[in-house]
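These are my notebook entries on one structure, written in the order in which I looked things up. The sequence and the model come before the first entry.

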Amino acid sequence: MLSSLLVANRGEIARRIIRTARRLGIRTIAVYSEADAGLPFVSEADEAVLIGPANPAQSYRNTEAILAAAKTTGAEAIHPGYGFLSENAAFAATVVEHGLIWVGPGPEAITAMGDKINARNLMAAAGVPVAPGTTDPAATVEDALAAATGIGFPVMVKAAAGGGGMGMAVAADEAGLRTEYEKVRGFAERMFGDGSVLIERYFPRVRHIEVQILGLADGRVVALGERECSVQRRNQKLVEETPSPALDPRQRADLLAAAVRAGQAVDYRNAGTVECLFDPTSGQFFFLEMNTRLQVEHPITEAVFGIDLVEEQLRVASGLAPTFDPDALRVTGHAIEVRVNAEDPKRFLPGPGAITSWVEPTGDGVRVDAGYGPGTVVTPSYDSLMAKLVVHGADRADALAKLRTAVAGFEVVGPKVNLPFFAELLDNAEFVSGDYDTGIVGRMRLGGVR
């Protein structure tokens, strides 16, 4: 097992990685920005190194500062968490070139999956279903129109290098496509340095379901169940649950098998997620993208399988076998996670501020992964995620009941908080039934019907 680990991230995910590493006897090193000096992850690490000001480009995306911190502290490995540099193939390669261990998939896999068009083509070749769409970038708006005509409106206009729900728009007709193509291309050039655009079929009613895969040190790829991620705002997840209430046993088996093929196609090692769209009308699923890192929502998978995914990541990076038997995986109960964000519960606009009171819920089957606490400050410099509230019940009804109690018992005073939205969602008949899709938040806010 590794002896020392630098966590190249912040907030709740840094704190969560540090917790597992310390349990395993691994010396932990945190890196932090000036804005984060007072957050819990800094003091909980064995060592902490200031790497720059609040601006992520000068701190958490500052590869030179992170590598210098690794060198001065004698770190053996780097865990990137999620976001920031976690899917940066060049950084992963540089880490290895410096003689350090990268806790994640190899740079080749990150590169292969980082471009959505290349990823779609690779998956199609591996026998993984993909939605109708372009196999090459739409270089001009006329190319996009030709593709859309063949696919049929409405279509999704997507940045090939995008991620995290960014760089996506729906076009219902030719006029809309002309407008959205230019918007997405411009956004992609600014945000990702790559203006490549792809066109895919848009499904008006669809569910977002992902599969947790783990590429083991011996070369095998295993699927650790699926996660339902259809409660979203602006194409970004708010709630996740496992198992998905949408799938029957045959659909689940087919989905998991396809995700394993996806991982095998790129010789995947370590934790990753194969994201898919599921059409509840036809019962078909389609590959969306692969996230070559640990996901925000990984705790619900841990809950139903009884494993620690960060420990498994560290074992793979160390060349060790997993703690579990890959041939005897079993799901126990049902788990749900909600993302407690510093944002208003109606329009979901960020609302940072100083936290004057913070009371976490407790109880059987309740887990809180928090990056903040009383006396800390949520700044506008980073993502609005403050904590993840996770519940694990005997079945979905039990998990929903536990989540209602936990949401009611979670108190955050100071910044705006979206907890009232979750209370509203848990009283929503569509969500409670399990028969919901990615349009549920829009219907709740607009009072619409499906």
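Does Asp-267 count as buried or exposed, by its relative accessibility? I found Asp-267 exposed, at 51% relative accessibility, where buried means under 20% relative accessible area, exposed over 50% and partly exposed in between, with a 1.4 Å probe and protein chains only. I note here that this is a predicted model, in which local features need pLDDT of at least 70 and side-chain atom pairs count only at pLDDT 80 or more, while totals for chains, interfaces and linings use all residues. Residues are numbered from 1 along each chain as its sequence is written, and side-chain values use heavy atoms, with hydrogens and water left out.

**Entry: backbone angles**

I looked up Asp-267 because of its phi, which is positive at about 50 degrees although the residue is not a glycine. Asp-267 sits in the loop between α9 and β12 (270-279), helices (H or I, at least four residues) and strands (E, at least two) being DSSP runs numbered from the N terminus. Asn-235, also not a glycine, has a positive phi near 60 degrees, and I placed Asn-235 in the loop between β10 (221-233) and β11. Asn-235 is partly exposed, its relative accessible area being 37%. As a reminder to myself, most residues other than glycine have a negative phi, and most peptide bonds are trans.

I then turned to the cis bonds. Phe-153 and Pro-154 are joined by a cis peptide bond with omega of about -5 degrees, and Pro-154 belongs to the loop between α7 (141-151) and β6 (155-159). From Thr-242 to Pro-243 the peptide bond is cis as well, omega being near -5 degrees; Pro-243 is in the loop between β11 (236-242) and α9 (249-265).

**Entry: the three-stranded sheet**

I traced an open sheet of three strands in the order β7-β6-β8, with antiparallel pairing; two strands pair if DSSP finds at least two bridges between them. At its edges stand β7 (168-171) and β8 (197-201), each with a single partner strand, so one side of each has no neighbour in the sheet. Neighbouring strands here are turned by 25 degrees against each other on average, direction ignored. Between the antiparallel strands β6 and β7 I found four bridges, and Met-156 has Val-170 in β7 as its bridge partner.

Two helices pack on this sheet, and I checked each in turn. Helix α6 touches β6 and β8, its direction making about 50 degrees with that of β8. Helix α7 touches β6 and β8 too, with about 15 degrees between its direction and that of β8. Axes are lines fitted to C-alpha atoms, for helices over the stretch in contact, and angles run from 0 to 180 degrees between N-to-C directions; contact means heavy atoms within 4.5 Å.

**Entry: Glu-174**

I went on to Glu-174, which lies in helix α8 (residues 174-192) and is partly exposed, with a relative accessible area of 44%. Neighbours within four places in sequence aside, Glu-174 is in contact with Leu-145 and Phe-153.

**Entry: the eight-stranded sheet**

Which strands make up the open sheet of eight strands, and in what order? I read the order as β13-β12-β9-β10-β11-β14-β19-β17, with antiparallel pairing. The edges are β13 and β17 (366-370), each with a single partner strand, so one side of each is without a neighbour in the sheet. From one strand to the next the twist averages 25 degrees. Six bridges pair β9 (residues 207-215) with β10 in the antiparallel sense, and Gly-215 stands opposite Val-221 in β10. Helix α10 (residues 298-305) lies across β9, β10, β11, β14 (334-341), β17 and β19 (385-393), and runs at about 155 degrees to β14.

**Entry: helix α5**

In α5 (residues 107-114) I listed Pro-107, Ala-109, Ile-110, Ala-112 and Met-113 as buried. The buried residues of α5 pack against α4 (89-97), β5 (101-102), α6 (116-125) and β13 (284-291).
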